[in-house]
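Subject: Structure handover

Hello,

Please find the structure below, with the sequence alongside. My notes on it follow.

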Amino acid sequence: MADNNDKKYIIIKGAKVHNLKNIDLKIPRNKFIVITGLSGSGKSSLAFNTLYAEGQRRYVESLSSYARQFLGRIHKPEVDFIKGIPPAIAIEQKVNTRNPRSTVGTSTEIYDYMKLLFARIGKTYSPKTGKPVKSRVLQMLQIILHRLKQVQNYKYLRPLLPQKTELKNNS
Ligand SMILES: Nc1ncnc2c1ncn2[C@@H]1O[C@H](COP(=O)(O)OP(=O)(O)OP(=O)(O)O)[C@@H](O)[C@H]1O
Ligand SMILES: [Mg+2]
């Protein structure tokens with residue numbers, strides 16, 4: 001049975017990358033965690049070279065052997081055991097943009113995928129009535145507009161779409 005701690009923590013045991021002295025660590029998940037310490041104390045060795053490196057390695061391992069041949073082999077970091085590791089992205093300590101509106105989402109380009117995801121799975125609710133916004137056919141719109149007595153005249157406008165060409169069956 002899966003340990004409940006798997007979902008709550010990332011558990012690292014025996015991290016030995018660079019100067020790390022066989023350290024054990026339990027990092028709470030879904031929390032904002034800061035690793036702090038003197039320069040050269042091993043923060044990057046833990047975050048990038050151990051945690052992120054192992055996450056990437058497992059991700060690559062999960063791909064097909066065909067896909068892996070293009071990625072090269074990622075070596076296992078010097079650590080005894082890591083558990084509960086989610087897919088990760090790493091942004092290194094460099095200023096790669098001067099745009100003040102840049103966020104983690106935009107600089108990693110995840111934002112574009114998030115927009116697409118929310119557009120596809122999201123439900124739109126009217127801010128006025130709180131009811132879900134649905135797409136309606138023209139006849140339905142006409143009935144609704146007729147019911148709204150204050151609307152006397154209306155125009156229905158829509159983009160002109162090219163005629164759909166029929167698929168030719170060549171077989
Ligand atoms: N690629 C490497 N190969 C061998 N040793 C390394 C490598 N990268 C870092 N080290 C050594 O590991 C130790 C920890 O370095 P690390 O970069 O993890 O520290 P840090 O806490 O991130 O420092 P900083 O605050 O300067 O970023 C240092 O002694 C460093 O010289
Ligand atoms: Mg560092």
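In which sense do β1 and strand β2 pair, and over how many bridges? The pairing of β1 with β2 (residues 23-28) is antiparallel and runs over five bridges. Please keep in mind that this is a predicted model.

Sheet

Two of the bridges between these strands can be given by residue. Y9 has P28 as its bridge partner in β2, and I12 has L25 as its partner in that strand. β1 also pairs with strand β3 (residues 81-83), again in the antiparallel sense, over three bridges. Here the partner of I12 is I82. I12 therefore has a bridge partner in β2, namely L25, and one in β3, namely I82.

Taken together, the strands form an open sheet of three, ordered β2-β1-β3, with antiparallel pairing. Because β2 and β3 each have a single partner strand, they stand at the edges, and one side of each has no neighbour in the sheet.

Overall layout

The protein chain contains six helices and three strands. Their pattern along the sequence is α-β-β-α-α-β-α-α-α. The chain has 171 residues, of which 8% count as buried. Of the contacts between residues at least 6 apart in sequence, 50% join residues at least 24 apart.

Nonpolar core

Which residues make up the largest nonpolar core? There are eight: I10, I12, A15, L20, L46, L51, V79 and I82. β1 gives the largest share, with three residues. In soluble globular proteins, nonpolar side chains tend to be buried together.

I12 is a member of this core, and it also takes part in the sheet through its bridge to L25. Leaving out residues up to four places away in sequence, I12 touches D24, L25, T50, V79 and I82. V79 and I82 are themselves listed in the core.

Ligand 1

What surrounds ligand 1? The shell consists of H18, N19, G37, S39, G40, S41, G42, K43, S44 and S45. By class, these residues divide into nine polar, one charged and no nonpolar.

Two loop residues

Two asparagines have positive phi values. N22 has phi near 55 degrees, positive in a residue that is not glycine. N22 sits in the loop between β1 and β2. Is N22 buried or exposed? N22 is exposed, because 11 other C-beta atoms lie within 10 Å, and a residue with 12 or fewer counts as exposed.

N30 likewise is not a glycine and has a positive phi, of about 60 degrees. Its place is the loop between β2 and α2. With 7 other C-beta atoms within 10 Å, N30 is exposed.

Regards

Notes. Residues are numbered from 1 along each chain as its sequence is written. Chains are lettered from A and ligands numbered from 1 in the order in which they are written. This is a predicted model: local features need pLDDT of at least 70, side-chain atom pairs count only at pLDDT 80 or more; totals for chains, interfaces and linings use all residues. A residue is near a molecule or strand if its C-beta atom, placed from the backbone, lies within 6 Å of it. Ala, Val, Leu, Ile, Met, Phe, Trp, Tyr, Cys and Pro count as nonpolar, Asp, Glu, Lys and Arg as charged, and the others, Gly among them, as polar. A nonpolar core is a set of buried Ala, Val, Leu, Ile, Met, Phe, Trp, Tyr and Cys residues joined through C-beta atoms within 7 Å. A residue is buried if 20 or more other C-beta atoms lie within 10 Å of its own, exposed if 12 or fewer, and partly exposed in between; C-beta atoms are placed from the backbone. Helices (H or I, at least four residues) and strands (E, at least two) are DSSP runs, numbered from the N terminus. Two residues are in contact if their C-beta atoms, placed from the backbone, lie within 7 Å. Two strands pair if DSSP finds at least two bridges between them.
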